[in-house]
Every structure is written in structure tokens, then in C-alpha cells.
Amino acid sequence: MKFTHSPTFKAFSEPLAKNNPVFIQSLGICSALAVTVQLKTAIVMALAMTSVTALSSLTISAMRNVIPRNVRMIVELSVIASLVILADELLRAYLYDISKQLSVFVGLIITNCIVMGRAETYALGNPPMQSFMDGLGNGAGYGLVLIAVAFIRELLGAGKILGFSVVPQVFYDFGYMNMGFMQLAPAAFIIIGLLVWLQKTLMKN
């Protein structure tokens, strides 16, 4: 179908798997290690990141013809920082407990290579809607990795999903134990490595 071959659709779909920012470009891994102990915090971080990436790309693309080249990075950082502050304030207002758990990591979206990279390499050279979809796709691709890693870590590390126990008590009665190692950052690194291997294997077939 023509729609699936359009530049706008490709801008959204490619970062989800074929050109995923974590799996393929190896970006945003540090925050992926830090915020994936619980699925709940990973989902909120994914939504915050996706919103900032999409809206910053849209804004910078809309301004691309009036931004002087010699100050473009300052303008990009100003736009991204404003959106991150807005996202952080909304989290503090409506999801205060999760905001405390995420700590500084929402603020560090400003320095995330994915956000700045899409603004610099894509939004400055493409129309607003296409740039918005590119930002949305890259944010969603990053978010999917966060959610997948957090799901595995919380399930195996605490026997829970979204804070609710899902491992039957009978398993514990027969000696099953949660894997405390999954609560540590190295576990996230290993899981990401395995997911990268799985993704590359599936893409070859």
C-alpha cells in the first residue's frame, strides 16, 4: 500500500525495529540500565521520553528555516530543556511517587543522545509532520526496549508485574526464589545484550 511506503510512515516505523535507537544505534543505554527495575517507572519514562522527542522534533522542524546555523544547537537545547521541564513538572503534579523514583533521570532526557540526535540530524532537514513521526518512532522504539527490560527484571527479580505478585505461592513453597541479581544494573545490561542478539537474529530471517 502507498501509505506504508510513504516517508512519514517509514520515519515512524523504522526506529521501532529495523533502526531501533538502542538495538542498532546503541543510544540511551545508560538510562535503560537505571529506570528498568520496575515496569511502572519504565512506562512513565518511556512516555516522557517519547513526548519530548516527538514534540522537540516537531518544534525544531517548524523553526528550521529561521534558526541561524551557528546557534542551532543552543536553540535545540533550549527547546528540549523546556519540554523536559514541562514533563518533569507534570510528573511532580500528577505522579509524584513515580517522579521521586525516577529522580534525576527525567531531567537527564535533556542530555539523551536520541533526542538531540533526531533534532540535529533529522528535524533540521525535514518537514514538521515527518519530523514529528520520526521523533515519535524513535521515542517509542526506545520505550519498547525499556518496557521489555523492565518486564523481565521485575518478573524474575521480584515475582511481580506492575507491583502485583504474579508468581503463585506454591512455587515458593517448592523452593522457588526470586533472582535478586535482576534488581542490579548489570542484569539490565545482560538483558539488553540478549535482546540485541534476538533482534539481529530475527532481522536476518
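Q: Which residues does threonine 41 touch, not counting residues up to four places away in sequence?

A: A contact means heavy atoms within 4.5 Å. Here threonine 41 touches Val35, Ile98, Gln101 and Leu102, with residues up to four places away in sequence not counted. Before we go on, note that this is a predicted model, where local features need pLDDT of at least 70, side-chain atom pairs count only at pLDDT 80 or more, and totals for chains, interfaces and linings use all residues. Residues are numbered from 1 along each chain as its sequence is written, and side-chain values use heavy atoms, with hydrogens and water left out.

Q: Where does threonine 41 lie, and is this residue buried or exposed?

A: Helices are DSSP runs of H or I with at least four residues, strands are runs of E with at least two, and both are numbered from the N terminus. Threonine 41 lies in helix 3. For burial, under 20% relative accessible area is buried, over 50% is exposed, and in between is partly exposed (1.4 Å probe, protein chains only). Threonine 41 has a relative accessible area of 7%, so this residue is buried.

Q: What is the mean pLDDT of helix 3?

A: pLDDT is the predictor's confidence in each residue, from 0 to 100. Helix 3 has the highest mean among the elements of the protein, 91, while helix 2 (residues 29-34) has the lowest, 75. The protein as a whole averages 84, and 97% of the residues score at least 70. Where pLDDT is low, the predicted coordinates should not be read in detail.

Q: How many residues does the largest nonpolar core have?

A: A nonpolar core is a set of buried Ala, Val, Leu, Ile, Met, Phe, Trp, Tyr and Cys residues joined through side-chain atoms within 4.5 Å. The largest one in this model has 43 residues, and Met45, Val52, Leu102, Ile109 and Leu146 have the most contacts inside it. Helices 3, 4, 5, 6, 7 and 9 (185-204) each give two or more residues to this core. Helix 3 gives the most, with nine residues.

Q: Which elements do the buried residues of helix 6 pack against?

A: The buried residues of helix 6 (residues 113-121) are Ile114, Val115, Met116, Arg118 and Ala119. They pack against helix 3 (39-62), helix 4 and helix 7 (128-158). You can follow the helix 4 side through leucine 77, which sits in helix 4 (residues 72-94). Leaving aside neighbours within four places in sequence, leucine 77 is in contact with Ile110 and Met116. Leucine 77 has a relative accessible area of 38%, so this residue is partly exposed.

Q: How many salt bridges does a search of the whole structure find?

A: A salt bridge is a side-chain nitrogen of Lys or Arg within 4 Å of a carboxyl oxygen of Asp or Glu. The search finds three. In one of them, the side chains of arginine 72 and glutamate 120 meet at 2.8 Å, N to O. Arginine 72 is in helix 4 and glutamate 120 in helix 6, so this pair ties together parts 48 residues apart in sequence. Aspartate 134 forms another with arginine 118, their closest N and O atoms being 2.9 Å apart.

Q: What separates arginine 92 and aspartate 88 in helix 4?

A: Arginine 92 and aspartate 88 are separated by about one helical turn, because they are four residues apart in helix 4. Their side chains also meet in a salt bridge (3.3 Å, N to O). Arginine 92 counts as partly exposed at 45% relative accessibility, whereas aspartate 88, at 15%, counts as buried.

Q: One more residue, please: what does serine 131 touch?

A: Serine 131 is found in helix 7. Not counting residues up to four places away in sequence, serine 131 touches Ser57, Ser61, Tyr122, Ala123 and Asn126. With a relative accessible area of 0%, serine 131 is buried.
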